[in-house]
Amino acid sequence: MASRPLFLCLLCTIAALGSVQVAGVGVGLEVTKTVNATEGDPLVLPCAPAGGSPERTVTVSWMVNGSVVVPNDRVSIQPNGSLAFTRIVRQPPHKSDQGLYKCQLRDSDGASLYSQTFSLIINGVDLGLEFARQPAKTVIASKGKPLVLACAPGGNSPEGTVTVSWLVNGSPLEPNERVFIQPNGSLSFKESVQESDQGLYQCKLTGSDGASLLSQTSSLRVAGMAAKFTQSPKNLSVETGDSARLSCHIEAVPTPVVLWERGGKTLPQDHRYQVLPSGVLLIDTVQASDAGSYRCVATTKKNKRVSTDAHLEVVPASKIFRPVEILADSNVVDIQVHTGEALFLECGASGYPVPSLRWSTQPPGQEELSLEMAPRLGTNVLLIQNISVQYTGVYICKATNVDAQNKEHFAQIRYNVSVLVAPRIKTPPQSLMYPIAKTVKFECEIDGVPKPNVTWYKNGELLHINGRIKQKVLALYLSNTVKEDSGIYQCRGWNEAGEVWAAARLIEQVGKQKTKASHVTGLTCSNITTSSISFTWDAVPGNVTAYTLHYFPTNGGDERQDVSIENAFTVHRLEPYTNYTFYVRAYTKNYAGEPSKNIICRTGEGRPSVAPQIIMQPISPTSVKVAWKKLKPHEARGIITTHKVQYRVVGTRTAWFDEVPAHVYNYTIRDLTPGVGYDVRVLSGTKAGWPELKAEQDIWWSIEMPNANDTVPLAPEVEVKGINKVAIKASWTMSRRNRIQPSKYRITLLKNEILFKGPLDVDSSTSSYVFDNIDPQDSLMVQVQALNEEGEAGGSGFKVFQPDQPEDSEGSHPPWSLDAAATSPNAIKLSWEGSSDGFFSISCQSLASESAILINSSKHSVLISDLKPHTTYKLSVRMFDKNLNLGPSSQIIECQTLEDVPGPPANLMFAQTNLTAGKVSWSPPVESNGQLRSYRIYYTLEENVGKPLDEWLQVSANQTFAEITGLTHSSYQLTVKASTQAGYGKAADFMPIRLLSNEIYSSDKTTSNPTSRYTILLAILCGTAAVLIIIGMVVTLRLAKSSVLRSPNHDLPQTNGNGMHHTEGIDMIALSSCSNIPPASPAHLDTKGWYPTPKANGAHSNGRVPNGISTPLLNQVHITENPQFNSHGDGKNACPSCPGPGCNSRGCPSCQVEPLLAADVTQVTVLAED
């Protein structure tokens, strides 16, 4: 007899895990079970077939409140007969899941075998606030009349605990004597509504706990009509038999009704007249009697306007061919229409013969929508009643007629129709209770056409999406929750067709944490660099296991966090010159403390990340105007101090440049060569320096200068020096590229960019001019033009006077026409023009260096050597005269040395990925010597190391890793080279690699002494046998203990502390969600920067019940005494899933609890088995 209960227990377990059609068993005794579920959680109601003969089969059906359960995307009947809810709901727009559920089992003949009734009670979180009345979505008020916008709180809140306020256009409304809030919450406009009152209004309820709820938006508009028509009818002359179109339009609220009159009287009833809702009048087959004066009359309830008259002249038909012409204001019309409305698409055409009009759709297919698209002559109005979204598309009306040569002529009008669907809540957010330091998810799925925009509000205010608060497409996520997160959250979906709101409440779950950690104080930042900030804070007393430092970009971005066991931490990898918000939380073993106060710290300035985009426009054959855009803050990464305008001849590496103040965003480059192409770019710099651009960012913009007139000279090169406090001296020279001798020069002085003195003409032998009686501190600019015999100039030379420029020796001029060319990766040749009396001092300085190389030369060229490859240098020349007086500096130019081959890559590593392949990785060369282009991996058998690299096997890569396959031997040597434009550089040091053998690799690649296959097989067989023996012992022990646990005198606690709760007759367990509380020691961080232990990540970090882990689940369950279970043997609580002699007044002693249901639903609540 001992085997009988065991057999029945196994039978009922198999039945619960089987399909809907299972072996039939005897009829059990029905008992109503009460199931308490939490709103928003998943749930499974079991229907376990039990008892009876195995020869019969059974089917399952479910009823709720007397009606058949209809499965949907949220509720489904499982193959084992259970009813599964992915999410319990009890709020609109869904029908509440609460009610009586009945499972019925029948055999193949329809006879009832078993039934089970569940009373499902939903324990949700009340919103706490609700509206009894809300303002209407659209309100049209009469000007000068009083108005009331309705609003009243509802629900069970005690009187006086809810306050009502109003918003207008998103801002709080300040009541006054004319506009005030009534005691019932409605908004009253006393005496009169004014046009300034128009706007968007919302009622706001606020509870005693500070939580707030917003009403739907009410659009208030004041009725009125414009004084004039925006479109009035115009005079027409139409041949008899043709078509006519008259139109009018006027702005009004509400939309007016438009009627037409002829001769001051209402149009007669005639099917040839069609008045459309748009105000258009179409007249088909015009007759002589249609001639006369027409006008339109627009009326609303309060207003009426009459348009000017238009005369329709009807002339006899000429019988002369006229090509078809569409009667419309435009041949392409975009129309938006709301679902349920009527749509009129007009189509009229004139011509002789009278055109035929036919409708079509594009793409084809709308004909299947039962539209009347038959062709008609003259006019053809397409009407779509009660339009739906399926009518969205393109509608084309094509008008055709045929001339005497039988040639077809056509014209068409195209309507792009968009059917708008107002937003609809598909999945509303559910109210939740939460423990702090968790992640909370509010779903809010809203559909509509076009796709609605979704915004979130908390307690009536727009929610700032930033850091730990993230908005995804269908949900709002709050990570690392804090006490202040409690409140009412509302999602608003809106598009052109309307809006919709849904609300849910978030309440902190109290009483489950025992040891609280105090909140952190004294958070400060220091040691700020471009990419890191150090923090310290006051240590929290007590048993604190760790701290988390949270931070996110203040202006928007994802939140990150780091863990520290000390009260100090340095955050790295931050963006330069960016404000970050920081806060700290302390953790005990089981509790997360409240966050500290936020502090905002900004990283140090860095170099800009990009170069500005530029626009260029030639203004003469020798000058071009360059303008550029201001860098965005995240691009500038600091305060821009200056701009550098660089330009060079296309195909060369020598660049001239001029620096421009930070507030200037345009510059004119002068003294260019006509007909020559130039590359131009602009760099913006901060105090940290100029940007270091990657190859794809190093863009020069090209421009071709226009050809100059061969009869005019080029623009002179101008210099301006101060002589004394009231005079300046301008001097000029002609460029060596000039080919036309000037006949004279024309000089102009500008003050603050306004003509101040001149223009003055001087002869061609003059090369300087003194302006006196001026204030050198003013913004002065000298303009010099070189003119030919006809008085024509090819361009102007400009120079801005700089008062702080040092005075130079009399008659000295700076060297000019500097030209530089890189001759190798380590040398630049520089040449210039200048006086031959004296010698020159050449300055050469890299952009990254603060010191310069100084070279003296008596010649007009020099070769500068020992330079670094692929490095930009600034070059300038000054002259010493015979008396060793130092003259002014030339214009500074820049030149970049040529690329060289790179150094060897570093940090070679190899990881075997399978028996014949592996991944090799490395770091870029320390000395790149240019823009790195590619890498080449060389490898060969160890015995072939002495052969040249060209004979090794090779793999190319554009990144710092590569996969090598086909490694069939055990030992190889490997190296890597990098390349620039100059070619491949030196190879890295050879690295030996050893491949694991087949036996070693397949046993985790760690065995140093491989065991024979027979030994491994024997070990596997022994281990399997041992596991089976242990399982048998465990099952026997559990069966022995179960009768003891079910004995009436056995005392059991009501709760087990593991999140398990009871329903009447059902033991249930809720899988725990993920926790962010760090463990006591950070020594076990995983590769994702978090903790692999159950304390840190939860027992099931993905929130799902994995397949085939029933044993770990059972280990978490502790059978507890059901407080509502009848322990006195009245027979009402017999175990229906395990009928027969094994059942008694206490249930089934051999079948302790309901069978475990196999369900794979997120955080599913399942029946547990011990």
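A: A disulfide here is a pair of cysteine sulfur atoms within 2.5 Å. The model is a predicted one.

Q: How many disulfides does that rule give?
A: The count comes to six disulfides.

Q: How far apart are the sulfur atoms of Cys47 and Cys103?
A: The sulfur atoms of Cys47 and Cys103 are 1.4 Å apart, and the two residues form a disulfide. Cys47 lies in the loop between strand 3 (43–45) and strand 4 (57–64), and Cys103 lies in strand 8 (residues 99–107), so the bond ties together parts that are 56 residues apart in sequence.

Q: Are Cys47 and Cys103 buried or exposed?
A: Cys47 is buried, and Cys103 is buried as well.

Q: What about Cys151 and Cys203, how far apart are their sulfur atoms?
A: They form a disulfide with the sulfur atoms 1.9 Å apart. Cys151 is in the loop between strand 12 (147–149) and strand 13 (152–153), while Cys203 is in strand 18 (residues 199–206), so this pair ties together parts 52 residues apart in sequence. The torsion about the S-S bond is about -65°, so the disulfide is left-handed. Cys151 counts as buried at 0% relative accessibility, and Cys203 counts as buried at 0% too.

Q: And the link of Cys248 and Cys296, left-handed or right-handed?
A: That link is right-handed, with 130° about the S-S bond. The S to S distance in this disulfide is 2.2 Å. Cys248 sits in the loop between strand 23 and strand 24 (252–253) and Cys296 in strand 29 (residues 292–299), so the pair ties together parts that are 48 residues apart in sequence. Both cysteines are buried.

Q: In sequence order, what is the pairing of the bonded cysteines?
A: The pairing is 1-2, 3-4, 5-6, 7-8, 9-10, 11-12.

Q: Now the salt bridges: how many does the structure hold?
A: It holds 27 salt bridges. One of them joins Asp197 to Arg178, with the closest N and O atoms 2.8 Å apart. Asp197 is buried, with a relative accessible area of 6%, whereas Arg178 is partly exposed at 23%.

Q: Which residues are linked in a network of salt bridges?
A: Arg262, Asp270, Arg272 and Asp290 are linked in such a network. Within it, Arg262 and Asp290 form a salt bridge whose closest N and O atoms are 3.8 Å apart. Arg262 is in strand 25 (residues 257–262) and Asp290 in the loop between strand 28 and strand 29, 28 residues apart. Arg262 counts as partly exposed at 23% relative accessibility, and Asp290 counts as buried at 1%.

Q: Turning to the sheet, in what order do the three strands run?
A: The order is 23-28-27, in an open sheet with antiparallel pairing. Strand 23 (244–246) and strand 27 (273–275) are the edge strands, each pairing on one side only. Neighbouring strands are turned by 15° against each other on average, direction ignored.

Q: How many bridges join strand 23 to strand 28?
A: Three bridges join strand 23 to strand 28 (residues 281–283). Leu246 stands opposite Leu281 in strand 28.

Notes: Residues are numbered from 1 along each chain as its sequence is written. This is a predicted model: local features need pLDDT of at least 70, side-chain atom pairs count only at pLDDT 80 or more; totals for chains, interfaces and linings use all residues. Side-chain values use heavy atoms; hydrogens and water are left out. Two strands pair if DSSP finds at least two bridges between them. Helices (H or I, at least four residues) and strands (E, at least two) are DSSP runs, numbered from the N terminus. Axes are lines fitted to C-alpha atoms, for helices over the stretch in contact, and angles run from 0 to 180 degrees between N-to-C directions. Buried means under 20% relative accessible area, exposed over 50%, partly exposed in between (1.4 Å probe, protein chains only). A salt bridge is a side-chain nitrogen of Lys or Arg within 4 Å of a carboxyl oxygen of Asp or Glu.
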